[in-house]
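Here is a brief report on one protein chain.

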Amino acid sequence: MINIEECSKGDVCWVLLPLVQKAPMYGTISDIYKLENAIQVLTLNYGIRVVRIEDAFWSEIEAKKVKKKKKKN
């Protein structure tokens with residue numbers, strides 16, 4: 001998971017949006033909402049999305065691990 005204090009606009013990350021796509025999505029951080037504990041991510045296929053920081057990761061491998069863990073629960 002990403003620490004909101006470590007991310008900046010322009011960083012790239014992987015996000016989980018299960019209602020939109022089953023696989024983790026790659027995107028660029030376009031805004032940071034510290035009070036809401038969320039980031040805005042620009043994706044190529046699905047446009048701009050706001051994501052809870054708990055669903056954002058620096059690597060695809062980490063995102064897939066968490067996705068698998070959530071699926072089991």
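## Sheet, loop and pocket

E2 and E3 form an antiparallel pair joined by six bridges. This is a predicted model. Within this pairing, Asp-31 has Gln-40 in E3 as its bridge partner.

The pair belongs to an open sheet of five strands, ordered E4-E3-E2-E1-E5 with antiparallel pairing. Strand E4 (47-52) and strand E5 (56-57) are the edge strands, and each pairs on one side only. Strands of a sheet pair through backbone hydrogen bonds, either parallel or antiparallel.

The loop between strand E2 (25-33) and strand E3 (38-43) holds Asn-37. Most residues other than glycine have a negative phi. Asn-37 is not a glycine, yet its phi is positive, at about 55°. Is Asn-37 buried, partly exposed or exposed? Asn-37 counts as partly exposed because its relative accessibility is 29%, between the cut-offs of 20% and 50%.

The largest pocket has a volume of about 150 Å³. Its lining includes Leu-16, Leu-17 and Pro-18, as well as Asp-55, Lys-67, Lys-70 and Lys-71. Gln-21, Lys-22 and Ala-23 also line the largest pocket. By class, the lining residues divide into four nonpolar, one polar and five charged.

Confidence comes last. The mean pLDDT of the protein chain is 94, and 99% of its residues reach 70 or more. The table gives the lowest and highest elements.

| Element | Residues | Mean pLDDT |
|---|---|---|
| Helix H1 (lowest) | residues 60-72 | 89 |
| Strand E1 (highest) | residues 12-15 | 98 |

Terms used
Residues numbered from 1 in each chain as written. Predicted model: local features only at pLDDT ≥ 70, side-chain atom pairs only at ≥ 80, totals over all residues. Heavy atoms only, no water. Helix = DSSP H or I, 4+ residues; strand = E, 2+ residues; numbered from the N terminus. Buried < 20%, exposed > 50% of the residue type's maximum accessible area, 1.4 Å probe, protein only. 1 Å grid on protein atoms, 1.4 Å probe; cavity = no way out; pocket = protein on both sides within 12 Å on 5 of 7 lines; lining within 4 Å. Points joined across faces, edges and corners; volume = space filled by probe spheres on them. Nonpolar A, V, L, I, M, F, W, Y, C, P; charged D, E, K, R; others polar. pLDDT = per-residue confidence, 0-100. Pairing = 2+ DSSP bridges.
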